[in-house]
Amino acid sequence: MIDADKMESLISIGELARLTGITTHTLRMWEKRYGTPRSHRLPSGHRRYPKEDVPRLRAIAKALESGYRASKVVSGTLEELHGLIGLKPLMDSTAKPDQENSSNELLVERWIRKIHGFEDDSLLQGFHEQWNKSGPLNFIVDFMVPLIERVGKGWELGELTISQEHFATECMISFLSSKWRLLNNRKEGWTILMATLPAETHNLGLLMSAVVASLSGAKIIYLGLDTPMQEIISTANKFEPELLCFSISCHHDMLKTEERLLGLRRELKKKVTIISGGKGTPPNLPGVYKIENFNTFNKWLVEFEKNLAVSN
Ligand code: B12
């Protein structure tokens, strides 16, 4: 007999299928074959499942997508499954299985455990140590990008709560802000204006770009999140930066973004170069360079500075 409280937290097989993307047929078959997910039967004979099964079944679905066989993963605990999809997230054939890669992944997993426990002191300490070992560019490419991707995945799978995701993001924001400001503590230099478009709520891409840009000789003017178009234009007209740099996350309407970037291109003087990165940056826009990643950005800046020196 199931008591009333427990009954409240039970869901139907259809609901479970909708929440996990696993068909009702497969759920029934797994229960028969592997004994899990285990259902409770109503007096009518209908199956009911605990809601708590959802994160584990989502993780199973992810593991199957990544190429694992059902027999290997269906009985796994949530922790074991996260180990599989977290440590070998995509089973990417292009990923180098060398020691360095796996030790980077292990460190990211160690940081994830600190995020679980809201341990900001030791998380930030870990960032500092790795920054000193890797240097700014490799720290961004090998650790910050994988960490935020791992946090995003953990949140998607229900392993990390929204609070844990916010906590992780805030630790990264404060670390990266302090680092680029230290590196960019200069009065002279050519100017980069860095901003995001209106309604942008993701600023880690721009902060990582600021760290990389600080390795050049530029002086950064950082406008950050959600900058109104008119403010970007008036600041650019006032300070005449050589470069205007954006980071655009993937949750924006591409057409709207195109319209805004082309509008800026029309409004600003030709000598202001416009670049943008982030998954929401439209490709092939006339007068706007899309830069895919931070290694390319670093090399691009070296060339850009050479050309500036020639033209001055
Ligand atoms: C952290 C995060 C948040 C934080 C942001 C905190 C902050 N201050 O930044 C908070 C919690 C606020 C948030 C909110 C939301 N988020 Co969010 N968020 C994320 C998360 C986990 C990380 C994003 C991030 O910072 N990535 C880091 C950047 C660096 O990565 P990137 O954009 O992929 O860019 C790559 C390159 O292009 C390059 N790059 C980026 N910028 C630049 C710039 C230059 C110059 C260069 C050279 C390169 C470069 O760097 C990256 C390295 O490969 C992602 C999941 C994920 N895995 O990305 C979701 C994600 C982006 N969010 C998402 C969503 C839907 C939202 C919300 C709408 C959720 C909601 N329902 O409320 C809200 C936005 C609300 C709003 N009104 O705008 C979705 C977008 C999906 C989509 N296609 O629409 C994602 C993908 C999560 C998901 N899987 O659903 N989010």
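Where is the place of E240? In this predicted model, local features need a pLDDT of at least 70 and side-chain atom pairs count only at pLDDT 80 or more, whereas totals for chains, interfaces and linings use all residues. Residues are numbered from 1 along each chain as its sequence is written. E240 lies in the loop between α12 and β6, where helices (H or I, at least four residues) and strands (E, at least two) are DSSP runs numbered from the N terminus. Although E240 is not a glycine, its phi is positive, at about 45°. E240 is exposed because 12 other C-beta atoms lie within 10 Å; a residue is buried if 20 or more other C-beta atoms lie within 10 Å of its own, exposed if 12 or fewer, and partly exposed in between, with C-beta atoms placed from the backbone.

Two further backbone features were found in loops. D226, also not a glycine, has a positive phi of about 55° and is located in the loop between β5 (219–224) and α12 (229–239). D226 counts as partly exposed because it has 13 C-beta neighbours inside 10 Å. A cis peptide bond, with omega about 0°, connects T36 to P37, and P37 is placed in the loop between α3 (24–34) and β2 (40–41). Most residues other than glycine have a negative phi, and most peptide bonds are trans.

Overall, the protein comprises 14 helices and eight strands, and its C-alpha atoms fill a box of roughly 80 × 40 × 35 Å along the principal axes. Of the 312 residues, 29% are buried. Among contacts with a separation of 6 or more, 68% are between residues 24 or more positions apart, a contact being a pair of residues whose C-beta atoms, placed from the backbone, lie within 7 Å.

The protein is divided into domain 1 (4–87), domain 2 (99–181) and domain 3 (184–311), with bounds from an automatic or database domain assignment. The centres of domain 1 and domain 2, taken over C-alpha atoms, are separated by 30 Å. Their contact takes eight residues from domain 1 and six residues from domain 2. On the domain 1 side, α4 (53–65) and α6 (78–87) each supply at least two residues, and the largest share, five residues, comes from α4. This side divides into four nonpolar, two polar and two charged residues; Ala, Val, Leu, Ile, Met, Phe, Trp, Tyr, Cys and Pro count as nonpolar, Asp, Glu, Lys and Arg as charged, and the others, Gly among them, as polar.

The axes of α9 (residues 136–156) and α14 (residues 294–311) come within 9 Å and cross at roughly 150°. Helix α9 is therefore roughly antiparallel to α14. In this pair, L137, I140 and V141 of α9 meet F294, N295 and N298 of α14. The contact residues comprise four nonpolar, two polar and no charged.

Definitions and conventions: Axes fitted to C-alpha atoms, helices over the stretch in contact; angles between N-to-C directions. Parallel < 35°, antiparallel > 145°, perpendicular 65-115°, else oblique. Contact = placed C-beta atoms within 7 Å.
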